[in-house]
Amino acid sequence: MSDQTVRDKSDVSSQALSRVESSHHDHSHLHLEAPEKPYLDSNELIINMGPQHPATHGVLRVILKLDGEKVLGTECVIGYLHRGVEKIGENRTYTMFNPYVDRMDYVAAVSNGLGYCEAVEKLMNVEAPARAKYIRVILTELNRIASHQLWLGTHALDIGAMTPLFYTFRDREEILKIFEKYCGARLTTHAFRIGGCQYETYAGFEKEVKNFLTFVAPKIDEYEELLTTNRIWLERTKNVGVISGDDCVALGVTGPVLRASGVKWDLRKAQPYAAYSEFDFEIPTGENGDTYDRYLVRMAEMRQSLRIIEQAVNGIPEGPIMGKVPKVIKPPVGEIYHSIEAPKGELGYFIVSDGSTQPYRLRVRPPSFVNLQALDVMVRGLLVADVIAVIGTLDIVLGEVDR
Amino acid sequence: MLNEFMSYLGSNVTPGGANNQLWALIYVLIIFAGVSVAVMAMNWFERKALAHFQIRLGPMRVGPHGLLQPIADALKLMLKEDIIPQEADQFVFWIAPVIGLLAAFTVYTVIPFGPSQAVSDMNIGILFMLGVSSLGVLGIVVAGWASNSHYPLIGALRSSAQMVSYEIAMGLAVVSAILMTSFNASGTGTLSMIGIVRSQQQQGIWFIFKFFPLGLVAFVNFVVAMIAETNRAPFDMAEAESELTAGYHTEYSGLRWSLFMLSEYAAMIAVSSIAVTLWLGGWLRPFPNLLHAPGWDFVFSLFPGLTFLGLAAIAFIGVARMPAHFSFKIQRIGLAAFAAILGFIALLLLLIAVAGRSSSSDTSIAARFREGIDYVYWFVLKVALFMYLFIWLRATWPRYRFDQLMRIGWKVLLPITLGVLVLTAIVGVIVS
């Protein structure tokens, strides 16, 4: 590589970064630290983290401006996994698009499907029967646990603890087995249909879910045993990537990140969907909004999910699993925004219908994409190692960021 | 030459002490081969142990229970294309792993596996070890610099800062152990590695227990510093995979990369031997004070044979547990052969132990042979425990951040080791 190209590249990234900075002047309350010096006169180091980097959770590229190891600014470059999901949605019928949403947040495919199906149902003004709603809740909460387990394993791996990854994957396997038995797929499940569920639960479903509950509760304690009071874990996560509740709200950050900053906002309680209004559960919140609180909040959420599943399995009603929906789905003209609490935050679908079989416009509000905005605010002034920790704690899935 | 060869036999000093170059060369070759084999064994054991910590099986395919995996890996690395980045400083890039390797292996010249089982007994042995082993950092810095790339540069800077800071705490802990050697009748201490173990023998106490808890604290500090010094978890900043891809050796591949790995593991063994020599009585067997009757000597001399017998038994159990399917036939035969070799070594060692039993004629070849085996066995066993510690820590703990690491080095380890040093001096003067 010649000198010329090297200079060109750093020019490009410096322009990118100065763009970030100038945009930050608009939100002066978010502006933590502005480097005063011009780029090429200083000894700052600009490095590319990603898109092929072991700890950026896929193909995220972060341009880091470093002073030694201190982070002066970041710029996220996304789009390496862009597949045009929203545009595909405009060219498929409502039914055909259903499996596509699984490919966004592929570690929480069930949640994606739930959000989409409910949005279309709302648009068509139909409602899924009670039994279908319960099945949806059970599977979605199982998926939330699976998603949090995957988050915990990779987050711990990023911070250097290799072993929790294998423990969480061992236990996540049990959830995937239930999914596989229910709908034949493990990851991209396509578990729900517009109007309800296609599949009745298999024989022994309830027993298996209950077995899972008793199996996984001590396992969550096991993860906590390795990390919660670990001195190194505390030092690596406490007061790292702090973000205030106000900043979260200003940036549109949702999910466990928002709750760890002390804002008690959970769509399952705030605007209950599916059958959530019938269950008794708490919204765990943190106080400091640091990486450790986010860790605690997600660990507590796993336990709350267990509670919800237990109530749902015990109270699952008999009855049909499919509502009254026509063979050809043709919602009336109109628009709808429906959002659910996905494991990573608020997952919303905005659908504009022109009365045909295909959406006129379909827009997804992915939690990962919005939460990723907070990265720059959270890591300024920290060290390189903290960038990794913060990317991990934001719990992003690039499939959802890029869509 | 034959004369030179024969004249050393029966001598009870090191080849260096006897000024016998031929035997020194033989010892060097034995140690070089031994350490290389130990690194390979360590490689296999680390992967296996780590796998079992993490509910995996680890290598299972190449040879029975992956026993041939290190050989396959070494072969693969040797056959790989040797890539030198175009923008790298070619010569420096080439020489960096060699510097690291030299530093790691030169240390072994003074490591005493027994009173005469060392290449040389240098009178400044421990100083030499600390000096040479700290040369390893040069290889790392040079590698990071020559790669002409950001990640290796940051990795190299991290690890040089880390090694330099921890060397101070490490040195002070070593000094407090050296100070302990001087609390005897003549009042003179020693820097010789063999001398340090001898003085533990004479004082009748391993330095880890001396002036309890001062020796223990110094030992623990040394262990922490030595883990940091060798860039191992939880202080593996330099090659923090999740942050810096592979740290200073990001640009290295193939044989050069494997040289870095070899020197890292060799350095781990080297610092562990320092710890063993300074605090854990080197080649001395455990409980020399409690169980000192001549009969006990014989019992303890059975340990090497029994250890190999145990390994052979484990291997035979492995054979028995293998699936009966015919496709496992070669693996079964291989593992059985391996078990048989271990069993044969065990028998040989037991035979030597029994033959060398007659304590009256100390000069008999069998007795001397038995003694030598005992020394090396206890030394290697103690070092092996440290190796297990390294793996255990790696499997259990997250990684410290760079600034926290420096804080521990300067604000925790340094004051403690200094305090221990001062207290050791005061207590030593009062007691003796």
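1. Pairing here needs at least two bridges found by DSSP between the two strands. Strands are DSSP runs of E with at least two residues, helices are runs of H or I with at least four, and both are numbered from the N terminus. Across this pair, Leu64(A) stands opposite Thr74(A) in strand 3 of chain A.

2. A word on the model before going on. It is a predicted one, in which local features need pLDDT of at least 70 and side-chain atom pairs count only at pLDDT 80 or more, while totals for chains, interfaces and linings use all residues. Residues are numbered from 1 along each chain as its sequence is written, and chains are lettered from A and ligands numbered from 1 in the order in which they are written.

3. Angles run from 0 to 180 degrees between N-to-C directions, with axes fitted as lines to C-alpha atoms, for helices over the stretch in contact.

4. Next, the domains. Chain A splits into domain 1 (3-77) and domain 2 (85-402), with bounds from an automatic or database domain assignment. Between them, 20 residues of domain 1 of chain A are in contact with 19 residues of domain 2 of chain A; contact means C-beta atoms, placed from the backbone, within 7 Å. On the domain 1 side, strand 2 (61-67) and strand 3 (70-77) of chain A are the elements that give two or more residues. Strand 3 of chain A gives the most, with five residues. That side divides into eleven nonpolar, six polar and three charged residues. For these classes, Ala, Val, Leu, Ile, Met, Phe, Trp, Tyr, Cys and Pro are nonpolar, Asp, Glu, Lys and Arg are charged, and the others, Gly among them, are polar.

5. There's another open sheet in chain A, with three strands in the order 6-7-8 and antiparallel pairing. Strand 6 (334-342) and strand 8 (359-365) of chain A are its edge strands, each pairing on one side only. The twist averages 15 degrees from one strand to the next. Helix 4 (residues 109-124) of chain A packs on this sheet, touching strand 6 and strand 7 of chain A, and its direction makes about 150 degrees with that of strand 6 of chain A. Strand 7 (residues 345-353) of chain A pairs with strand 8 of chain A over six bridges, in the antiparallel sense.

6. Over in chain B, helix 6 (residues 136-146) and helix 7 (residues 150-181) pack at an angle of about 160 degrees, with their axes 7 Å apart. Helix 6 and helix 7 of chain B are therefore roughly antiparallel, the term for angles over 145 degrees. By class, their contact has eleven nonpolar, four polar and no charged residues.

7. Last, the chain-chain contact, which takes 23 residues from chain B and 26 residues from chain A. Helix 10 (241-244), helix 15 (365-396) and helix 16 (402-431) of chain B each supply at least two residues of the chain B side.

Terms used:
Two residues are in contact if their C-beta atoms, placed from the backbone, lie within 7 Å. Angles under 35 degrees count as roughly parallel, over 145 as roughly antiparallel, 65 to 115 as roughly perpendicular and the rest as oblique.
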